[in-house]
Amino acid sequence: MKTRSAHIVVAGAVILAMLSSPAFPQTKPPTAQAPGTANAAPATPAGNAEKGKALFARNACYQCHGYEGQGGTAGPRLGPNPIPFRGFVAYVRVPRGEMPPYTVKVMSDQELADVYAFLQARPRPPAVESIPLLAR
Amino acid sequence: MARSKDSKHISIDRRKFLKNGVLTGAAALVGPAALAGAESPSAAVAGGTLPQDAPRAPSTPVMTLAAETAPPEADVLTTERTGSDFMVDVIKALGFEYICANPGSSFRALHESIINYGGNKSPELITCCHEESAVAMAHGYAKIEGKPLPVMAHGTVGLQHAAMAIYNAWCDRVPVYLILGNNGDAVLRRAAEWYHSAQDVALMVRDYTKWDDMPWSLPHFAESAVRAYKIAVTPPMAPVVLVLDGGLQEDPLASDRKLAIPRLTVPVPPQGESAAVSEIARLLVAAENPVLVADRLARTPAGMKHLVELAEALQAAVIDQGSRMNFPSLHPLNQTSRAAATIAGADVVVGLELADFWSTVNALRDQLHRSTRPVAKPGAKLISITTGDLYVRSNYQDFRRMSDLDLAIAADGEATLPSLIEEVTRLTTGDRRRVFQERGKDLAEKSQAARQASRAAASYAWDAVPISTGRLCAELYGQIRNEDWSLVSTYYSDGGGWPRRLWNFDKPYQWIGNAGGGGIGYGAPASVGAALANRKYGRLSVSIQTDGDLMYAPGVLWTAAHHRIPLLSVMHNNRSYHQEMMHVQKMANRHDRGIERGRIGSELVDPNIDYAKLAQSLGVHGEGPITDPKDLGPAISRALAAVKRGEPALVDVVCQPR
């Protein structure tokens, strides 16, 4: 059956686990900043969050990052409070890890700005302590 | 083949016929064939027709007065015992609880002997709807019980169905005991048997089974059956195959014929050579950042206990790669969720039954031009203890890349741990103990921080639709945490990794590892097989079941219902073969085209499959589809009530993809 996929999954799971470590800054995919961290990107272009939501789904970003950009085993959390826009674009164009590249041909800078706006608009999660199911 | 053993019986019948000139209708059919010197009258009697290529004898039998007045000689159509009865004696001697099968005529005699002669007890026949399900059930059972289940199948078409599941078990190094039917004697085959017979039945799976045989006699069968078990359970464990000729099964067995069954003596697994073990202990005690990495280590419940003892003696980081339940998930030394950083900082890495040492200390980047880079730092000592070095096959490439090891011990990891612990304890001085304590504190803080980060991560998209995998796993755990639970899913199905990040796994049966070969379709039947093993202990078996996996052979749900196997399956339903969808997506990105079309061929939508209805149609309590996270808890609660009544239940939950 799908043995190649299985090998890739196993390798990918290991790689993703490795890439999420702060010990590999040269290949670590950027993760959204913790809520409350200032996102001082001086030149973030205006984007449309509604359009960004549609683009996020249509261009398959959700497949690794989840429909809310919340992340999972295949990709890190992107929102709310994404990394600065310049870094976001740079990584999407030329990812250093396993993420497939999105060139200008398939997603324009404006479209990325719309996606960025969508990620910025993701709701903050409830405090962990307020969720009994996540209690110690 | 075996029928040749009874040629004397046939010849006697033929001589009697020739002497008496039997006149009955059946005899009229038998007579000509016998007169013609056919190899056996059986083919003629069975279907009332003669073999096409058998020469026809004169139609008028020789008549005598004695023949006209003597009562007709009856055909022998029944027998009190057959070879298959003895086979059941042997199977019972091996202590099998169950035997899984989708029925097939090539093993019809053995099947009947199991249910009648054997009383359908020890083993009890488990009815399966697909041979792949039967083998995967045996795979899952073995993960809990540590010993194999037998599976019966046709030697050709059944084996072909079963092959992927056998490959999974092989890659996972788990014993499965396959019994295949075959009809070797070409002259005696019924029509269908031609398609169900082969000269070398086990050939198609020989590359991923450990041993196979086709016995020629019942004493041969007895020896091979016991030998097969012994080989299957000797590490490295793996599937084995016995091919049973139809004639050997079906031919009469004289009731006074006594046949011996050899005694089963399972070899003690090999331990590491003492000097090598001492060297490993020396390196571990002297190390500043030793790391113990376990994959297929825990062969028995003692495996986890020994690893805890070793880790605590050293206050060493432990990474559990998860092919077995190797280490408690919330143990302060468990660094699995920060594996990459842990390996990067290690000066000694000991791999304990790793399927893939190379990927433990290296990374491969899957982009247009693949590249690799080391993860372990230069100069780190790399040590392997594995039975994998004792037995490697060539064709299927599950042996992975060569690693640059400093020391390799070809021995069983679990069996070697006690002597390693003893050596470590002997070498540990007061000074080193103080260093260990500081290290242990540091690791405990890191482990706690990682768990906090996991809890925080699970809170994102908490109320999202589709339901987040973090929410799904938290809701499920909330209802089972105080039960004697056992998670019988694979790593594919473990809901985004949340269970091992957040749940408290501290018992050997709470985790059964993964598929081995990554062949999808393992999950559902393996969970049913593991649940079958758990049933007698009163454990609550739960699985996080993926949708695509279930669709390979959903009939296994019927098997669970029919055999009253309690199992709570909570679906991670992302309406796709999602892993493959991501692969195709990657290709679209790479080719700068059609990104929005990457779902084609991998989605399971339009229509959406109604898994609750599917489950109900197969006799399983079904809930769903659940799309609102607020409805999840009550649905799980209702399903759990059914499981506690002894039934299987399934909750279809529409989820985020990962």
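Q: Is Arg575(B) buried or exposed?
A: Arg575(B) counts as buried, because 20 C-beta neighbours lie inside 10 Å. Here a residue is buried if 20 or more other C-beta atoms lie within 10 Å of its own, exposed if 12 or fewer, and partly exposed in between, with C-beta atoms placed from the backbone.

Q: What sort of model is this?
A: This is a predicted model, in which local features need pLDDT of at least 70 and side-chain atom pairs count only at pLDDT 80 or more, while totals for chains, interfaces and linings use all residues. Residues are numbered from 1 along each chain as its sequence is written, and chains are lettered from A and ligands numbered from 1 in the order in which they are written.

Q: Back to Arg575(B), where is it?
A: Arg575(B) is in the loop of chain B between strand E16 (567–573) and helix H23 (578–590). Helices (H or I, at least four residues) and strands (E, at least two) are DSSP runs, numbered from the N terminus.

Q: And what is phi of Arg575(B) near?
A: Phi of Arg575(B) is near 55°, a positive value in a residue other than glycine. Most residues other than glycine have a negative phi.

Q: What about Arg400(B), where does that one sit?
A: Arg400(B) is in the loop between strand E12 (381–385) and strand E13 (407–409) of chain B. Its phi is near 70°, a positive value in a residue other than glycine. Arg400(B) counts as partly exposed because it has 17 C-beta neighbours inside 10 Å.

Q: What order do the strands take in the open sheet of chain B?
A: The order is E8-E7-E9-E12-E13 (chain B), five strands with parallel pairing. Two strands pair if DSSP finds at least two bridges between them.

Q: Which strands stand at the edges?
A: Strand E8 (317–320) and E13 of chain B do, each with a single partner strand, so one side of each has no neighbour in the sheet. On average, neighbouring strands of this sheet are turned by 15° against each other, direction ignored. For such angles, axes are lines fitted to C-alpha atoms, for helices over the stretch in contact, and angles run from 0 to 180 degrees between N-to-C directions.

Q: How many bridges join E12(B) and E13(B)?
A: Three bridges, in the parallel sense. Ser384(B) stands opposite Ala408(B) in E13(B).

Q: Which strands does H13(B) touch?
A: H13(B) packs on the sheet and touches strand E7 (290–294) and E8 of chain B. The direction of H13(B) makes about 170° with that of E7(B).

Q: Which residues is Ala313(B) in contact with?
A: Leaving aside neighbours within four places in sequence, Ala313(B) is in contact with Ile421(B), Val424(B), Thr425(B) and Thr428(B). Two residues are in contact if their C-beta atoms, placed from the backbone, lie within 7 Å. Ala313(B) lies in helix H13 (residues 301–314) of chain B, and it counts as partly exposed because it has 19 C-beta neighbours inside 10 Å.

Q: New topic: what is the peptide bond from Ser122(B) to Pro123(B)?
A: That bond is cis, with omega near 15°. Pro123(B) is in the loop between helix H6 (108–117) and strand E2 (124–127) of chain B. The bond from Gly624(B) to Pro625(B) is also cis, and Pro625(B) is in strand E17 (residues 621–626) of chain B.

Q: How many residues does the contact take from chain A and chain B?
A: It takes 46 residues from chain A and 50 residues from chain B.
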